[in-house]
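Please keep the model open beside the text as you read.

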Amino acid sequence: MSAIAADPGAPGTDRLPVLSPMLQRLAAERATGALMRDRGTLYLADGQVVHAESPATPGIDVLLTTGGTLRHEGWWDAVAQAGAGQRVGRYLVDSGHVPGGALELCHLGALYDAAFFALAPTGTPARFRYGVSHWIGPVRPVPVAAVQRETLRRRELLDRIWPDPACDSAPVVRSSAHPGDSPVPARQRAVLELADGVRTASDIAQALGRSAFHILVDLRRLAAAGLVAAVRAQPLPAAASAPGRITLPEVTADPDIALLRRLRDALEAL
Amino acid sequence: MPGIDECLLEVMRLPGARGASVVDWTSGLALGTIGESPNGDHEATAAETAEVARMTAEQPAFAHLAAGSAAAPAEAAAGAPSTAVEDVIVTTHDGYHMLRFVETAFDSSVFLHLWLSRSEGNLALARLRLGELAERLVLA
């Protein structure tokens, strides 16, 4: 229901826009391997997403060890014992390090989180390496369509909370304009306390051992309340910094440049 | 070792259970679903119930942890329970909706949503059982 009003400018497109034509094609051919994009990697097995990683968000190891679910030694033991066999997830559960349900919850959260960043619009061509799999091993595979739908829904969610994406990537700082008059929920307060003008959303996520998308949501709420602002590196000419819907689903028809190049090469070789 | 699916199957064994899901209330993501959904779309339902769960979890009136807890901010930042709220119950003319917060050792904002038929369901039983299952989901 949330996708209906998304594209008023595109008549007759009741289908969701495709985030990555390459990913779509790989799902259709039930491919196994790693899709490497500018801001992250999606691991596929039989055309389903089994894992995702992005430098923008903490990995499952950070998420599990920060809260104390798993001690660092437990993590490294699992990697040492089961990494080569690519069954680290299974090993963590079987050896009693992490309860099965907790691993699924944490892994799914990390997967959708990393996929959100990995599928961000980019001009850099994606690459796919067939046959590559991740050492975490099978936990709970997710259909490509679900990941694309969720990524689009998340972009809209952020935009609905506060339409300015400035806080997503720049260092954030508490604004002094509003002293603590309005109560800030505990989870947002933890984020607010780390907004020191140096840390970015990703840094805060890493420090709290929390999903970076969750931090983006909190930062947009805090920005909407006037409690944080992005630190702008150099003041750009006024025309260049027009806020608003800059990087939103309209851009999603990323031309899959790698594919186009391969097509062109193939045609030239005829 | 129970996982999300086993947990949801157990939830559905409650008398009058019509549908259930495991949802992240910060993002509105459905992590697992089973049975029917009130509006025929589990993902939309998850996003809607997540908003209710979030509003409840974040209200200062419900965040009151213990009498005279002046140290609440530090305590909350240390991240013990993510909310003082255990569950939310919404009653409609033909059903009950129960949102049960799941406490995990790692950082998360997860709840279980159970949709119960009002004529067949037993609210007290369902509430107790959902609490047990929410604990078992993240215990070995």
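Domain bounds here come from an automatic or database domain assignment. This is a predicted model, in which local features need pLDDT of at least 70, side-chain atom pairs count only at pLDDT 80 or more, and totals for chains, interfaces and linings use all residues. Residues are numbered from 1 along each chain as its sequence is written, chains are lettered from A in the order in which they are written, and side-chain values use heavy atoms, with hydrogens and water left out.

**The largest cavity**

- A cavity is a set of points on a 1 Å grid over the protein atoms alone where a 1.4 Å probe fits but cannot get out, and lining residues have an atom within 4 Å of a point.
- Five cavities of 30 Å³ or more turn up in the whole structure, and the largest holds about 200 Å³ of space, a volume being the space filled by probe spheres set on the points, which are joined across faces, edges and corners.
- Its lining has 18 residues, and closest to the centre are A:Leu105, A:Gly109, A:Ser211, A:His214 and B:Asp107.
- Domain 1 (4-161) and domain 2 (166-233) of chain A each give at least three residues to this lining.

**Cysteines**

- Across all chains there are zero disulfides, a disulfide being a pair of cysteine sulfur atoms within 2.5 Å.
- A:Cys106 is buried at 3% relative accessible area, and A:Cys167 is buried too, at 6%; buried means under 20% relative accessible area with a 1.4 Å probe, protein chains only.

Conventions. Buried < 20%, exposed > 50% of the residue type's maximum accessible area, 1.4 Å probe, protein only. 1 Å grid on protein atoms, 1.4 Å probe; cavity = no way out; pocket = protein on both sides within 12 Å on 5 of 7 lines; lining within 4 Å.
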